[in-house]
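Biologist: Before I rely on any label in this model, I would like to go through the labels one at a time and hear what each rests on.

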Amino acid sequence: MEPNLLCFILSTLVGFALTSFNQHLHNGTRHYNYCVLGAGPAGLQMGFFLSKAKRDYIILERNSGPGSFFNKYPRHRKLISINKIHTGRWNREFNLRHDWNSLLSDDPDLLFRKVSGEFYPSADAFPLYLSTFVRELGLKVRYGVDVGRVRSVQSAAGRSYILTDQHAADYSCSVLLVATGLWVPQEVEFAGSDLVEGYESISTNPDDYKGQAVLILGKGNSAFETAQSILGRASRVHMLSSSPVRLAWQTHYVGDLRAVNNELLDTYQLKSLDGLVEAHLEDIVIAKQEERGRRRSGGKKGETRAKLYLGLQKYRQTGDERNASDVSREELPGHHIDNFPLRRPYDRVIRCLGFRFNFSIFDSSARPPHSHNAKGRLPGVTAWYEGKNTPGLFLLGTASHSRDYRGSAGGFVHGFRYTARAVHRLLEHRYHGNPWPSTRLMTTQLTSWILKRVGEASGPYQMFEVLGDVILLQGSHCEYIEEFLLQALPRFSSLSGHDVSSHGLVVVVMQYGKKKIDYLGRGRAETDWTKAWKSNFLHPVLYYYDSLPTEQDMKMRPHGWPLPRPKAIHHMVEDFLTEWDGPLSHIQPLRRFLEHCVQTDLRAFSAETCFRSALTHRRSPLSCQQGYLNQRGVLRYSQLARGVYEAGPVPAEQVSAGTSTGASPAFPNYLAPAGASVSSGLKLDL
């Protein structure tokens, strides 16, 4: 063999070996800038934003398709997230206020209505919708990857996370976005708790409960969903938990009991054998006893059946704390009162206590702490959804709900689709230097733009008191930043990339009144704009600060307030139609408040008035400067009215000469010192 040919063969073999070795290393540990753990709605929502920004990412899913949780839950297959298709409006943003299942995308047709037209859809439709979302947008999802361990490593390049799957393959990423949801059943240990059936495994066939007495532990939607499915078959259904029922229409928290599931409340209050009882589950005891019962339909005469008796631990005749099914009926004494509500035996006891986050896959170096609320079922996160003590690890979706637990909609699709967008905007600034998106407006446009947002924006509407619009006042113009994380306001500049000028800022928040009232009683709504601060239902509130609040200010904010005490505050009176477009009740008080904040006249003037002002005053009103005197003309009245809904940002070249993104010279004070306080919706002395 010729030497040259031999050298060629050897070099080829060596090259092949090196290539195979490098390929093996590449396959052994795959590196991405972003790893999204979970292909549920939150993971796919983040995947859309990463894909749109052309980032290096991968979505890892342990099952064979997206949204696998919904293949099993809710067990009785009806979602409680509304799907209101017919709103009478063509405004896509407004319609998202009433579409609780669609994810955000740039495709106006990629909505949940494509797979279901039901107001309360079947759960089977949701995985179908998510599959369509993945396919239409071409998201990078890898199925069948069951991550069993997550750990962090520190190197010269910085902190990174390594995810190990069931095949011992590693995935490395600089930023880890955890969107695994809550799927581990929540359990409570007590004597006899092993006699209890779980929501995750019970029969969903109502006939299996025919003639049976059933005790359900829990009073949430899963508990009432289960009770409602068997009401027509069971002999009686009792429900037990430590807390009374919380109704969503009273608390305004969509995770509380929804009307679609509450039929048992009727049978309880109308005394038809069903009922609700309060007791701490840790304090109860369940004992089993075999009894010979009467012949039942479909059963054998005199057959032996197990009965479950419930008592309280403190009255148990032995001090044994064991948690076992061999607790005997004899250990439960005659009850401390002879009309103990749960003294009759049950055929079945069912646990419906919800779900908790799976902390077990996280190594100690990457494990976020348990939250202080929600009984520790959720991970603790910062105000910008980064795990506490785990930099670079962010929580998305239901897993991030500890920030607004029992407050807003962050644990549900129609809420966390917006918090996922907020997290992505934060990531874009932190890792890629892109500031939070903003719209530059002339100050004279501010009133119309705010009215447009409060009348149609879905993000602050769904995530009330959590997301809000921040307006940076800069003299003759302003920067409008949409849907910032309110609890992170003290770190606004570092998280958003925008600076606050000496003119201050205004924050627009949607919030409910704090007074407890009868929400179906007379006088429940406030219609007088001079008493707007008494509004009980969802309404816009504007906070004006002359400087950015501090972390200490946030800690010292009044109880129940989403933000610290401002320099001035303005409530827009609640509106039955949630449009806030009344000229006298909404628009004029809002304009007067903004005039106080920017210290100039924001009224729109006719061409004649602008002309006279130019001849008789050193400085004309701002609307004349930016309109008529700038050769832009003056809008007719009909155009002004339509501008509430169609206001647009000002092009950079139309901003008056000499201004910049910083603060412009102070305006002359057109208002008398007390002029801005003509609206009773404005409170200056707090």
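Biologist: What makes Tyr253 count as buried or exposed?

Modeller: Tyr253 has 5% relative accessibility, and buried means under 20% relative accessible area, exposed over 50% and partly exposed in between, with a 1.4 Å probe and protein chains only, so Tyr253 counts as buried. Please keep in mind that this is a predicted model, in which local features need pLDDT of at least 70 and side-chain atom pairs count only at pLDDT 80 or more, while totals for chains, interfaces and linings use all residues. Residues are numbered from 1 along each chain as its sequence is written, and side-chain values use heavy atoms, with hydrogens and water left out.

Biologist: Why is Tyr405 called partly exposed?

Modeller: Tyr405 has 27% relative accessibility, so this residue counts as partly exposed.

Biologist: What makes Phe69 and Phe70 an aromatic pair, and why is the pair called edge-to-face?

Modeller: Rings of Phe, Tyr and Trp (its six-membered ring) pair if their centres lie within 6.5 Å, and planes under 30 degrees apart count as stacked, over 60 as edge-to-face and the rest as tilted. The structure holds 23 aromatic pairs; in the one formed by Phe69 and Phe70, the centres are 5.5 Å apart and the planes make 85 degrees, which is edge-to-face. Phe69 is partly exposed at a relative accessible area of 29%, whereas Phe70, at 16%, is buried.

Biologist: How do you know that Tyr253 and Tyr405 are edge-to-face, and which parts does the pair tie together?

Modeller: Their ring centres are 6.4 Å apart and their planes stand at 70 degrees, so the pair is edge-to-face. Tyr253 lies in the loop between α6 (248-251) and α7 (263-269), and Tyr405 in the loop between β16 (393-395) and α8 (413-432), so the pair ties together parts that are 152 residues apart in sequence. Helices (H or I, at least four residues) and strands (E, at least two) are DSSP runs, numbered from the N terminus.

Biologist: What makes you say that Arg89 lies over the face of Phe94?

Modeller: A charge sits over a ring if NZ of Lys or CZ of Arg is within 6 Å of the ring centre and within 35 degrees of the ring normal. Arg89 lies over the face of Phe94 at 3.9 Å from the ring centre, and Arg565 is over the face of Trp561 at 5.4 Å from the ring centre.

Biologist: Why are β8 and β11 called edge strands?

Modeller: Two strands pair if DSSP finds at least two bridges between them. Five strands form an open sheet with parallel pairing, in the order β8-β14-β9-β10-β11, and β8 (197-198) and β11 (275-278) each pair on one side only. Strand β10 (residues 236-241) pairs with β11 over four bridges in the parallel sense, and Ser241 stands opposite Glu278 in β11.
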